[in-house]
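Biologist: Please walk me through this model. I want to learn how to read each feature before we look at the case itself.

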Amino acid sequence: MKHLAALNKYFVKYKWRFLLGLLFTAVSIVFSIFQPIMVRQIFDLLEQNLNTYGLVSDTHLKGAFRGDFTKVLAFYGLTILAFALLSGFFMFLQRQTLIVMSRFIEYDLKNEVYEQYQRLDLNFFKMHRTGDLMSRITEDVSRVRMYVGPAVMYATRTVIMLIIIVYLMLEVNPLLTLYTLLPLPFLAVTIYYVNRIIHRKSERIQAQLSGITTIAQESYSGIRVIKSYVQEDATAEYFDKASNEYRESSISLAKTDALYQPTMQLMIGLSVILTIFIGGLQVMRGNITVGNLAEFVIYVNMLTFPFFSIGWVASMVQRAAASQQRLNEFLEIQPEIKDSPDAQTVVLKGAVRLENVTFTYPHTGITALKNFNLAIQPGQKVAVIGRTGSGKSTLAQLLIRMYDPQEGRVELDGLDIRGMKLQSLREQISYVPQDVFLFSDTIANNIRFARPEADIETVKRAARQASIEKDISTQFREGFETVIGERGVTLSGGQKQRISIARGLLKDPNLLVFDDCLSAVDAKTEKEIIGNLYEYLRHKTAIIITHRIFSLFEFDKIIVLDEGAIVEQGTHEELLSLNGYYATLYARQQSGEEDPVMAS
Ligand SMILES: Nc1ncnc2c1ncn2[C@@H]1O[C@H](COP(=O)(O)OP(=O)(O)OP(=O)(O)O)[C@@H](O)[C@H]1O
């Protein structure tokens, strides 16, 4: 329960809505209480007057008596109706305040969780599964909403109702009150346990459903592989097995559900029978009136839902507490990569320096860079070449401070990047990653991702520089407004890479890092892009990570990485004359051979 205390700030934030909600609840209950009181009065009136009515023999007098009595009954009927309407109206207001408040809190909480996701560093995401991350923002938040909304609402209703009704009942007859209330706690306990069983079963069904969804999703996205390996039957069998398990669980839940209602009805029925039986005896003894008995029967009916909701609310609160505990733990995580208190905003010119940098990925223990040194002057173009897994991408990740090195320092313009504001640092570096990620949005919006205010001409210029403009305007009917992604057009690997390059170019900073982002582009287009880049990068610093040697591009420096350290460096000519790894790679590339070392 203590975990739920974290939500109190929201009750304070929405205090007026909350207090009004409580007031409406109380008013609605007060109006509903009049109904049994009025019924009691009608019964008592009937009891007292029917005997007298039977004794009257004069037809004229009998008629007048009946007329008056009908008027009284009509008055009571209309009053009960008016109170019921008023009670209903305030119940409506109660939901409009308390349930609406819970929706506001849900919205705030989702934003809080989402903002925390944005704050956390890459390491966190590497260590958690996407499914778990998604369930925090969906399932956990909605379970917590059940606490701040329905649970609070029903709990308040139950408490107020119990106090008023039990007081009224005790006023009439304490013994009858005891007997009437006796079965109701059993009802609450039963509901609590049945709810737990239902919840456990629903959880299992939910997990199975998400398993089925994953299988279906993978089958759709991997349909080409499935078909080409003729695995349709095997995949269908796999799906069938998962689907069958889901069906079994659903049937089991349906059985429990089917028992739920009748059990409840049975308990309520028992209560009513007990009330009538004990109450009847009390009436015969003259302790209470028939009106009291009728009043009690209505009270029992009015109390069943509150008792029912005790069990329900208890399991809701329990679930919400578990979810809130997970959320609290998550919200308390401090990202390792964050602004230091004295972090500076910088304007970068593009000087890069890595000094004795050693970096080990925390969750795998793989040391990707060892005692690494590199110095780049503003405006220089540097190529980074090396076999797969040699640490090239890691170098890029360290420059944009996705990770901090365990040893050594990374400096830009002579300043340790740990002393710079993260936003300022990342805003001034264009990083074109190896794995392209495009959003399900228009091509133009994908390109202007870093600068949403960029006009279409700027977008087109960036596309032209990345040699993708022609493809966009000639191949897609809606040009730059074409939506890409699941429900839009599918782009080729090379097209995606070039859109990603255009996104990086449009940002237009002084320092650019291209991480093997021309691997899916054909030789002719590659030549074209390099030609464009040559001009674009004239006054900028660029680090181009690549598998292939761009002999057309005159690099100030080419470094060859192996196992996290520089093994060769120099200009193209210098490296050729070394006759080492670079020279071998160049010779293979010139003769059109695949590089066996690279592919290893
Ligand atoms: N996010 C990560 N978490 C853990 N280990 C990683 C991560 N990224 C890379 N590594 C490991 O660090 C080493 C260097 O990887 P890196 O991605 O820097 O190599 P690379 O030279 O860019 O390779 P490629 O050319 O295949 O992209 C590899 O052994 C790799 O397995």
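Modeller: We go from the overall fold to strand pairing, the ligand shell and the annotated spans.
Modeller: This is a predicted model: local features need pLDDT of at least 70, side-chain atom pairs count only at pLDDT 80 or more, and totals for chains, interfaces and linings use all residues. Residues are numbered from 1 along each chain as its sequence is written.

Biologist: How many helices and strands does the protein chain have?

Modeller: Both are DSSP runs, numbered from the N terminus: helices are H or I with at least four residues, strands are E with at least two. Here the protein chain has 20 helices and 10 strands. Its radius of gyration is 37 Å, well over the 25 Å that the globule rule gives for 600 residues, so the chain is more spread out than a compact globule. That radius is taken over C-alpha atoms, and the rule is 2.2 Å times the number of residues to the power 0.38. Along the principal axes, the C-alpha trace spans about 130 × 60 × 50 Å.

Biologist: What share of the 600 residues is buried?

Modeller: A residue is buried if 20 or more other C-beta atoms lie within 10 Å of its own, exposed if 12 or fewer, and partly exposed in between; C-beta atoms are placed from the backbone. Buried residues are 28% of the 600 in this chain.

Biologist: Which strands does β1 join?

Modeller: Two strands pair if DSSP finds at least two bridges between them. Strand β1 (residues 352-360) runs antiparallel to β2 (residues 367-376), with six bridges.

Biologist: What surrounds the ligand?

Modeller: A residue counts as near if its C-beta atom, placed from the backbone, lies within 6 Å of the molecule. The ligand has 15 residues around it, and the closest are Tyr361, Thr388, Lys392, Ser393 and Thr394. Helix α11 (residues 392-399) gives the largest share of the shell, three residues.

Biologist: Where does UniProt place the "transmembrane region" feature?

Modeller: UniProt positions use the numbering here, feature names are shortened, and annotations may be inferred rather than shown by experiment. The unreviewed UniProt entry lists several spans, including 151-170 and 296-317. Residues 151-170 are 100% helix and 0% strand, with end C-alpha atoms 28 Å apart. Residues 296-317 are also 100% helix and 0% strand, and their end C-alpha atoms lie 31 Å apart.
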